Amino acid sequence: MRTSCSISRYCTIRARRALNAAFSLGSFAALAGSFAGLASAQDIPIGVTYICSGEHIYIENCNIRDLSDNANCMVAHPDKLTPTGMNSYTYVSRGALKKLLPTCTQPSAKQMAAAKAFQQKQQDTYNANVQKANNQLNAATQPATFGQPQKPVTPEERAIRRCVTSGRLPASCTGNALLGAFGQMLSSVLPGADKQPEPGANMAGVFEGAGGWRLDFIDGGVLVNCARLSPNQENYSLNFKTGRATLTIDTTPKPLVLTLHADGTITGPGPVTINGVVASGYVGGAAGTGATQQDQFGNLYDSAGNKVSGNANAGHTVFAPRTATCPALNLTSKGASVGAQTMQTDLLKTMFGGDKGPPTPPGIRMHGIFAASTGFSVQFFPESVILGCGPDTARAYPYTVIADGAASYIKNDAPDHPLHLAFRPDGSLDPGTGSYQVHGRVVTGQNDNDDFTFAPMEQTCNLAALAPSQQIPSGGGTAAAPMIASAPGASNGAGGLSTPAAPLGNATLSIVSGFAAQPGVPNPLAGRPYILLRHGYGNALAIGGVTVPTGTSPYKYAGTACGTHTPDCPKISAAIHTDAASAVRADANGGGTFPGVPPGTYYLMISAIVNKQPVVWGQAVQLKPGANSITLDQRNGTPLN
């Protein structure tokens, strides 16, 4: 008994998933411009089947930025499968296709009309979503009063603002707003297929090994093949109960139970028997219809000349069951070929000119939101995790999933406060106890390159168990900076400047430059004055009686005021002098240690020129008794334009 499967349908589903990934990472402006001209650009029919010299072909896509006859189109060959069971592809110029296609058996008028209607529906829906995303981005990134974020109009705008200020690519953030149309299309074909999975762990990348073994992890499953089997999609699960990561793939007759190692390899016992499939042929669209003849468009007719349903061009590849015995698994992602999902995503990025963004590391990744009752939360993406305190204060960092046998946890790579999230048996994450300060930001405007500019917005939340959640907490946390009306410095040594000869307390802070040494080039932080404030820079100015105009960065305002010698410049200098708790000048390597101050929360006032661009470090630092340190580099600095 044979099992049939439509390759074109399979690839369409995969392409939609890849398209979702492309929009979540691609260049928003480029995508908007590209799709705006999509309908007019496609002078070559897309997605309809031609029969050329007996071979079925269809055009997957064409370059929509170059409409000349020299530009290439991607042509699918469903009759010629690769060793992994996928369509093979060739690139053919528009000019060559314009000569070839008229000589082939043509798609039916009905197929052409259906394809055109579908593309127009995509275009109309996409245009509406582009406009919606533009409106949301504009509303979400309006400049805010320093330290006081304006409330967005809609939940979507609030989510975009949170994402942008966290440090993820703005295109990644706005791209999420564009997924609605494609999710609707997918759910109309496969109801429920666009439902978001429960938060948790997943795998990414391709792993290969001897014996033809290949695991290609995709959204919602993994493509498994060994020996001569074609890729077969299976479900899988991850388990961390033993301190190691165990990967179970639902193959038959028995599941594969594999071990993931700290070096990134995957191993499993063998030999094993796998029930799979192999491509065994191609069935034309006339099969089973009773048709005895067809016209040049593929329309089918019976012996009496009556038209019957179906089309000769609507064929599909046939797969036959096959059992294979495969050797023990010893798989690695190093040197593995590109996976189906990455290949299609990169194709779309290239076609639309989008920014691919940070690559997704192969191995264990996380997805979804985990939240605590205190307002602290973590939101995982393929390339980063957003740490949040309350609904608006958020910062994104790289992360790594560790499962080395001794323990299993997620390591967040925040430079000043790395956080380990341990896996718990009930599916929640344990961040430990204590408080955590999130170095959030607010949008203050845009520079000449249309990049957003920011000012700090610090928030502190208590750590507690993080449970899977469908939404970000709506409240929680306290502002790390005191309110402007409050008395200065209640817990961080109010009044006076600490000096080496007369330190005010026993908490010291050492600044370490994270900028790599370059021959003949001075360290950007070398010789820079380092000041430790009792309040955030903007609040220190306000306490000193300096009024910063709404929507203006306090750093830029101070620079302009003193650069043009306005009456506010002496007030600014006096405000900083009054608020300063300690100061030191950096050495030639950019290092320096502040004279001791009482334990508590302080704020940096440090600036430097990095790659010809001013960068400031104004984040809060929590000083404990004894020695403390922080490394400064571009990752935790804020560009100032």
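## Cysteine 226 and cysteine 326

Cysteine 226 and cysteine 326 form a disulfide, with sulfur atoms 1.8 Å apart; a disulfide here is a pair of cysteine sulfur atoms within 2.5 Å. Cysteine 226 sits in the loop between β8 (221–225) and β9 (232–234), and cysteine 326 in strand β18 (residues 316–326), so the pair ties together parts that are 100 residues apart in sequence. Strands and helices are DSSP runs numbered from the N terminus (strands E, at least two residues; helices H or I, at least four).

The link of cysteine 226 and cysteine 326 is right-handed, with 55 degrees about the S-S bond. Cysteine 226 is buried, at a relative accessible area of 0%. Cysteine 326 is buried too, at 1%. Buried means under 20% relative accessible area, exposed means over 50%, and partly exposed lies in between (1.4 Å probe, protein chains only).

## Basis of the model

This is a predicted model: local features need pLDDT of at least 70 and side-chain atom pairs count only at pLDDT 80 or more, while totals for chains, interfaces and linings use all residues. Residues are numbered from 1 along each chain as its sequence is written, and side-chain values use heavy atoms, with hydrogens and water left out.

## Other disulfides

How many disulfides does the rule give? The count comes to four. One of them joins cysteine 52 and cysteine 104, with sulfur atoms 2.0 Å apart. This pair links distant parts of the chain, 52 residues apart. Cysteine 52 lies in strand β2 (residues 49–52), and cysteine 104 in the loop between α4 (94–100) and α5 (109–140). The torsion about the S-S bond of cysteine 52 and cysteine 104 is about 110 degrees, so the disulfide is right-handed. Both cysteine 52 and cysteine 104 are buried.

Another disulfide joins cysteine 389 to cysteine 461, S to S 2.0 Å. Cysteine 389 lies in strand β22 (residues 385–389) and cysteine 461 in strand β29 (residues 452–462), so the pair ties together parts that are 72 residues apart in sequence. The link of cysteine 389 and cysteine 461 is right-handed, with 90 degrees about the S-S bond. Both cysteine 389 and cysteine 461 are buried.

## A four-stranded sheet

Four strands form an open sheet in the order β24-β25-β26-β27, with antiparallel pairing. β24 (399–403) and β27 (429–430) stand at the edges, each with a single partner strand, so one side of each has no neighbour in the sheet. Two strands pair if DSSP finds at least two bridges between them. Strands of a sheet pair through backbone hydrogen bonds, either parallel or antiparallel.

Four bridges join β25 (residues 408–412) to β26. Isoleucine 410 stands opposite leucine 421 in β26. β25 and β26 form a hairpin with six residues between them.

Which side chains of β26 are buried? Leu419, Leu421 and Phe423 point to one face and are buried.

The bridge partner of alanine 422 in β27 is aspartate 430. β26 and β27 form a hairpin with five residues between them. Glycine 427, in the turn, has a positive phi of about 95 degrees.
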